[in-house]
Amino acid sequence: MGSGDAPLILASGSPRRRALLEALGYRLKVVVPNVAEDLDLAPQELARALALRKGRSVEGRFVVAADTVVDLDGTALGKPRDPEENLDFLRRLSGREHQVHTGLYLRGEGEVLEVHTARVRFRRLSEEEMRWYVQSGEGLDKAGGYGAQGLGMALLEGIEGDFYTVVGLPVSRVFALLWAWGFRP
Ligand SMILES: Cc1cn([C@H]2C[C@H](O)[C@@H](COP(=O)(O)OP(=O)(O)OP(=O)(O)O)O2)c(=O)[nH]c1=O
């Protein structure tokens, strides 16, 4: 089974997740999940619960869903509401290390639910640098208010762990699970 038969259903409106799976050659059907994200949980549990909610909200055989949460010492930073909150997030992340949790839900031969975690360290940023970044608008639709794959690369000192987990989808793990189920690009 593979793209010759049914498409892989991506239960996510994230253009990053879509681009990563398309880069691997999967034929996708995108279904944007409409789930409440207002859960009061610790960051890692939040990523897990939301990935499950998104994946379960969509029908079909081969389904992938994910949720990414930035975890600053136990506080979950989601997507900033506006540029002011984006600036606030960057001030808090500046000069420090945080974790990025990506909950992964996969359905095929059964269901898989995991949380993948990477560590990201930010440089100490000047107020001018942070304002420059916020005015780009790039961080507004991203957990923690930055994108490691875009202009945000200029803010980082280092990443420990899987880069793609930071960007929103541990693609190598997705590929391996689908491959084991006989679902190939
Ligand atoms: C930290 C980080 C997050 N992100 C993105 C990935 C996700 O799209 C987004 C986190 O929000 P999510 O709620 O995980 O996903 P989403 O709202 O974009 O899409 P959907 O709910 O439909 O699945 O942040 C980056 O692109 N780069 C980064 O470096």
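Student: Which residue in β7 stands opposite Val120?
Tutor: This is a predicted model, and the pairing is read from it. Strand β6 and strand β7 (residues 156-160) run antiparallel and are joined by 4 bridges. Within β7, the residue that stands opposite Val120 is Ile159.

Student: How many bridges pair strand β5 with strand β6, and in which sense?
Tutor: Strand β5 covers residues 97-108 and strand β6 covers residues 110-122, and a hairpin of 1 residue joins β5 to β6.

Student: Is helix α3 parallel or oblique to helix α4?
Tutor: Two packed helices are described by the angle between their axes together with the distance between those axes. Here the axes of α3 (residues 83-93) and α4 (residues 127-136) come within 10 Å and cross at roughly 140 degrees. Angles over 145 degrees would count as roughly antiparallel and those from 65 to 115 as roughly perpendicular, so the relation of α3 to α4 is oblique.

Student: What is the handedness of that crossing of α3 and α4, and how does their contact divide by class?
Tutor: As α3 passes α4, the crossing is right-handed. On the α3 side the contact is made by Pro83, Asn86, Leu87, Leu90 and Arg91, and on the α4 side by Met130, Arg131, Tyr133 and Val134. By class, the contact of α3 with α4 divides into 6 nonpolar, 1 polar and 2 charged residues.

Student: Which element gives the most residues to the shell around the ligand?
Tutor: The ligand is surrounded by 23 residues, and the closest are Ser12, Gly13, Ser14, Ala148 and Gly168. At least two residues of the shell come from each of β3 (63-72) and α5 (163-167). With 3 residues, the element that gives the most to the shell is β3.

Student: How many residues of the shell around the ligand are charged?
Tutor: The shell around the ligand holds 9 nonpolar residues and 9 polar ones.

Notes:
Residues numbered from 1 in each chain as written. Predicted model: local features only at pLDDT ≥ 70, side-chain atom pairs only at ≥ 80, totals over all residues. Near = placed C-beta within 6 Å. Nonpolar A, V, L, I, M, F, W, Y, C, P; charged D, E, K, R; others polar. Axes fitted to C-alpha atoms, helices over the stretch in contact; angles between N-to-C directions. Parallel < 35°, antiparallel > 145°, perpendicular 65-115°, else oblique. Left-handed = near helix turned anticlockwise from the far one by under 90°. Contact = placed C-beta atoms within 7 Å. Pairing = 2+ DSSP bridges.
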